[in-house]
Structures are given as C-alpha cells and as structure tokens.
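Student: Please walk me through this structure. I would like to ask about a few residues and then about the helices.

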Amino acid sequence: MRIIAGSRKGRNFFSVPRKKTSVKPISSRIRQSVFDMIRPWVTGSVFLDLYAGTGASGLEALSRGAQKAVFVELDRACVKVIERNVAHLGFGEQAVVVRANVLSGLEWLKYHSHEGFDIVFMGPPYRDEENLPLHYTSKTLELAAAGNILSPGGFIVAQHHIKEPVAAPPGYAIYREVKYGDTLVSLLRRAGAADAS
C-alpha cells in the first residue's frame with residue numbers, strides 16, 4: 001500500500017496480515033477519488049479516521065497537509081500497524097492513535113480536538129466473520145452528531161456498502177454521494193452549512 005499524494009507521495013506503508021484480522025482496507029482507487037473530492041479542505045485540517053484499519057485515510061490526510069490526525073480502531077493488530085505506519089512515515093508529532101470501540105460513543109473525542117474535527121472519515125466494516133451485514137454507518141453518524149465532534153464548517157465522509165440504508169442524523173444532511181462498485185461514499189454536513197462541494 002502506498003501514499004498517493006503530498007509530502008509522503010509514493011511511500012509504502014504496512015498492512016495487517018490477513019490471518020490476524022478480517023479488516024478490509026480502503027482501496028487505493030476509492031481513497032484517491034475521495035481525497036480528490038475533499039482536497040481543498042485537507043490542508044491545515046484536524047482529521048478523524050474512525051474504524052481506521054491500517055490508518056490509510058488518516059495517513060493520506062497527513063501527507064496532504066492535515067495538521068493533525070486522530071485514528072480510532074478497536075482491533076489490536078490494526079492499532080499496532082497504525083502505530084508502526086505513523087512512525088515509519090514520520091508523523092509521530094501529528095498523530096494520535098486510540099484503541100476504542102466507536103460504537104460505545106464519541107463524546108470523549110473532544111479531548112483530542114476542542115474545536116471539533118474538520119473532516120471525519122468513517123469506513124466501518126460491511127460484514128462480520130460469518131458474512132452477515134453489520135450496518136454500522138447510521139449508528140456511527142448518530143454518535144458523531146450526539147458527540148458534537150464536528151467543527152463549525154466540518155463534514156463527514158462515510159464509506160459504506162451500497163445496499164446499506166444510511167440516514168443523516170437530525171441536524172445533518174447528505175449533500176453528495178458517489179458510487180464505486182458495491183461501495184457508496186456519502187458526504188454529510190450540518191443542515192444549512194455553507195456548500196462544501
């Protein structure tokens with residue numbers, strides 16, 4: 001896996017051995033397309049990578065000029081890989097890696113960004129080990145809204161299966177959706193916020 005653009009463009013980073021986890025990293029194609037969409041807002045941003053996996057999205061954000069990235073992941077093997085990638089790419093002073101269950105609530109994240117996060121990326125797993133759909137996206141969006149973790153002009157990028165029903169929580173609106181095969185990327189912001197598209 002490689003960083004696509006920015007100060008670490010072309011640099012490889014580590015993935016999690018398949019036998020240690022069922023986590024499926026965001027594809028390079030989707031990552032590039034997402035960052036092409038959000039490029040104007042990445043530089044100087046405080047970026048939150050939920051269900052971080054290998055940390056690919058947060059690492060890409062840091063390479064492209066984000067001032068800080070917070071990675072949240074529950075899987076122990078993934079947390080170790082994210083920490084290794086942060087060190088390998090020289091982002092130790094800009095990155096915070098936290099082992100936590102996203103679905104237990106997100107209010108605590110205000111400790112890591114008092115003004116809120118400018119960009120929240122979430123790519124929850126689509127299926128469990130028995131291949132049953134998980135449908136975590138709407139619940140995570142509700143927790144993000146309840147935790148009030150977005151900065152005033154911030155927005156959320158939610159990657160989810162195209163068949164997963166996703167609803168914006170009260171006070172938020174989906175303002176753009178892009179399809180990639182069986183994946184849909186939804187961009188959300190607070191209802192009535194200035195256009196970020």
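Student: Which residues does V166 touch, not counting residues up to four places away in sequence?
Tutor: First, a word on the model: it is predicted, so local features need pLDDT of at least 70 and side-chain atom pairs count only at pLDDT 80 or more, while totals for chains, interfaces and linings use all residues. Residues are numbered from 1 along each chain as its sequence is written, and side-chain values use heavy atoms, with hydrogens and water left out. Contact means heavy atoms within 4.5 Å. With residues up to four places away in sequence set aside, the partners of V166 are T137, S138, L141, H160 and I174.

Student: Where does V166 lie?
Tutor: Helices (H or I, at least four residues) and strands (E, at least two) are DSSP runs, numbered from the N terminus. On that basis, V166 lies in the loop between β5 (150-161) and β6 (172-180).

Student: Which residues of α4 are buried?
Tutor: Buried means under 20% relative accessible area, exposed over 50% and partly exposed in between, using a 1.4 Å probe and protein chains only. In helix α4 (residues 137-147), 8 of the 11 residues are buried, so the helix is largely enclosed by the rest of the structure. Those residues are T137, S138, T140, L141, L143, A144, A145 and G147.

Student: Which strands do the buried residues of α4 pack against?
Tutor: Good follow-up! After α4 comes N148, whose phi is positive, near 50°. The buried residues of the helix itself pack against β1 (46-50), β4, β5, β6 and β7.

Student: Which residues have the most contacts inside the largest nonpolar core?
Tutor: A nonpolar core is a set of buried Ala, Val, Leu, Ile, Met, Phe, Trp, Tyr and Cys residues joined through side-chain atoms within 4.5 Å. The largest one here has 32 residues. Those with the most contacts inside it are M37, I38, F47, L59, F71, V157 and V185.

Student: Which element supplies the largest share of this core?
Tutor: At least two residues each come from α1 (28-42), α2 (56-63), β2 (68-73), α3 (76-88), β4 (117-122), β5, β6 and β7 (183-190). The largest share, 6 residues, comes from α1.

Student: Is S57 buried or exposed?
Tutor: S57 is found in helix α2, where it touches I26, R31, F35, F47, D49 and F121, leaving out residues up to four places away in sequence. Because its relative accessibility is 2%, S57 counts as buried.

Student: How do α1 and α2 cross, right-handed or left-handed?
Tutor: Their axes, lines fitted to C-alpha atoms over the stretch in contact, with angles from 0 to 180 degrees between N-to-C directions, come within 11 Å and cross at roughly 45°. That makes α1 oblique to α2, because angles under 35 degrees count as roughly parallel, over 145 as roughly antiparallel, 65 to 115 as roughly perpendicular and the rest as oblique. A crossing is left-handed if the near helix is turned anticlockwise from the far one by less than a right angle, and right-handed if clockwise. The crossing of α1 and α2 is right-handed.

Student: Which residues in α2 do R31, F35 and V42 in α1 meet?
Tutor: These three residues are the α1 side of the contact between the two helices. Across from them in α2 are A56, S57, E60 and A61.

Student: How far apart in space are F13 and I82, C-alpha to C-alpha?
Tutor: F13 sits in the segment before α1 and is buried, with a relative accessible area of 5%. F13 and I82 are 69 residues apart in sequence. In space, their C-alpha atoms are separated by 9.3 Å.
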